[in-house]
Amino acid sequence: GFRCGYVVFENTQHLSSAAKDKYSGTVVLSTDAHPIATGISKWCQDYRQRWPDPALLHRSAASYIATYETRVAQEKALAAENADKPDDEGWVTVTRGSKRSVAATTLAKETRLT
């Protein structure tokens, strides 16, 4: 527990008024109803409060990913819908989409060489 405490007064008038008051008994700061965390319990409490709750973090990440995936799906559907339509000047943009991934193509070349 606490053994002693120090009080620093900003104003000398407050010091003189505190010296005139007569206190009988001990003033207890930490009670069972309102405990003050000190020592290792205070350190553990501060350490736990550094990071958010894992369940809350998981829900937030899942919500962001769901929103992102719907936005990407909408953009992909819009791009597929407008793929063969002419633009304002009458031009149609033709793109060549690769059916095989780069890794699969590289693997196929490596197997042919060996």
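Which residues make a nonpolar surface patch of about 520 Å²? Ile-40, Trp-43, Tyr-47 and Trp-51 do. Patch members have over 30% relative accessible area and no salt bridge, and nonpolar side chains (Val, Leu, Ile, Met, Phe, Trp, Tyr) are joined within 5 Å, like charges within 9 Å. A salt bridge here is a side-chain nitrogen of Lys or Arg within 4 Å of a carboxyl oxygen of Asp or Glu. Areas come from the Shrake-Rupley method with a 1.4 Å probe, and for residues only the protein chains shown count as cover.

This is a predicted model, in which local features need pLDDT of at least 70, side-chain atom pairs need pLDDT 80 or more, and totals for chains, interfaces and linings use all residues. Residues are numbered from 1 along each chain as its sequence is written, and side-chain values use heavy atoms, leaving out hydrogens and water.

Start with the whole chain. The protein has four helices and zero strands. Both are DSSP runs numbered from the N terminus: helices are H or I, at least four residues, and strands are E, at least two. Along the sequence the pattern reads α-α-α-α. The radius of gyration is 35 Å, whereas a compact globule of 114 residues would have one near 13 Å. That radius is taken over C-alpha atoms, and the globule rule is 2.2 Å times the number of residues to the power 0.38. The C-alpha trace spans about 95 × 50 × 30 Å along its principal axes. Of the 114 residues, 0% count as buried. Buried means under 20% relative accessible area, exposed over 50%, and partly exposed in between (1.4 Å probe, protein chains only). The accessible surface comes to about 11600 Å², with 58% belonging to carbon and sulfur atoms.

Now return to the patch and its rings. The whole structure holds two aromatic pairs. Trp-43 and Tyr-47 are stacked, because their ring centres lie 5.3 Å apart and their planes meet at 15°. Rings of Phe, Tyr and Trp (its six-membered ring) pair if their centres lie within 6.5 Å; planes under 30 degrees apart are stacked, over 60 edge-to-face, the rest tilted. Both residues sit in helix H2 (residues 39-48), four residues apart, about one turn of the helix. Tyr-47 also pairs edge-to-face with Trp-51, at 5.1 Å centre to centre and 75° between the planes. Trp-51 is in the loop between H2 and H3. Together, Trp-43, Tyr-47 and Trp-51 form one aromatic cluster. Tyr-47 counts as partly exposed, because its relative accessibility is 39%.
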